[in-house]
Amino acid sequence: FVGIAFAVRADRLSAVDRRIISVVQGWETPALTGWMKAFSWIGSTVGVALLTLAALAILYVAFRHRKELALLVVSMAGSVALGYALKAAFRRDRPDIRQLVAEDGYSFPSTASLAAVALYGALVCLLWRHARTRAAKLALLAVGTVVTACIGVSRVYLGAHYPSDVVAGYALGAAWLALTIAWLGRWAGYRTSGNRIAKQRGM
């Protein structure tokens, strides 16, 4: 993230950004635009808020998560705060290209991409230990990865962000999620199933 931020400050990524945007927007079709708008909504502030509340309710009812739910809450709240604070600091304008959606505010980093990593990464982490087979774990990881990737691509496709905004959002989201998981491991008293078993046996 820091490397991308310095490159954006120095205006070293504009040419690469525009080439990638040209390729992605070259895919435009009415059907694909509909899908991209749907994924973009999933990554929007309203979409993320609704999905987070739904996930909190489902996780609590289905798995009786309590302390573990703090991972989702802190991950999401922190990602939103970081995203908007950095937008205000960098003040990068939105792409001046074909925009299929109207967006306000600044461009760097992409808060949709940042929030996608924070939300779906946290959900994968929370559900991982409940997936009993390797196939289930791979499916869980694949769904989280594909949805997160599609949200980022949708922001470029719709002209709302530069690709560097999206990649920076992914990088920052991953770093914040890792810090949140490390904090939860200390606060909730667990890190892995092996550590929990060892603790229960007094090892």
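Residues are numbered from 1 along each chain as its sequence is written. Because this is a predicted model, local features need pLDDT of at least 70 and side-chain atom pairs count only at pLDDT 80 or more, while totals for chains, interfaces and linings use all residues, and side-chain values use heavy atoms, with hydrogens and water left out.

Mean pLDDT (the predictor's confidence in each residue, from 0 to 100) is 84 for the chain, and 88% of the residues score at least 70.

As for secondary structure, the chain has nine helices and zero strands (DSSP runs numbered from the N terminus: H or I of at least four residues for helices, E of at least two for strands). Of its 203 residues, 42% are buried (under 20% relative accessible area, with exposed meaning over 50% and partly exposed in between; 1.4 Å probe, protein chains only). Among contacts between residues at least 6 apart in sequence, 77% join residues at least 24 apart.

Helix H1 spans residues 2-9, with Ala5, Ala7 and Val8 buried. Seen down the axis of H1, its buried residues fall within an arc of 165 degrees (taken from the directions from the helix axis to the C-beta atoms), so they line one face of the helix. Turned away from that buried side are the exposed residues Val2, Gly3, Phe6 and Arg9. Aspartate 11, which follows H1, has a positive phi near 55 degrees.

Definitions and conventions. Contact = heavy atoms within 4.5 Å.
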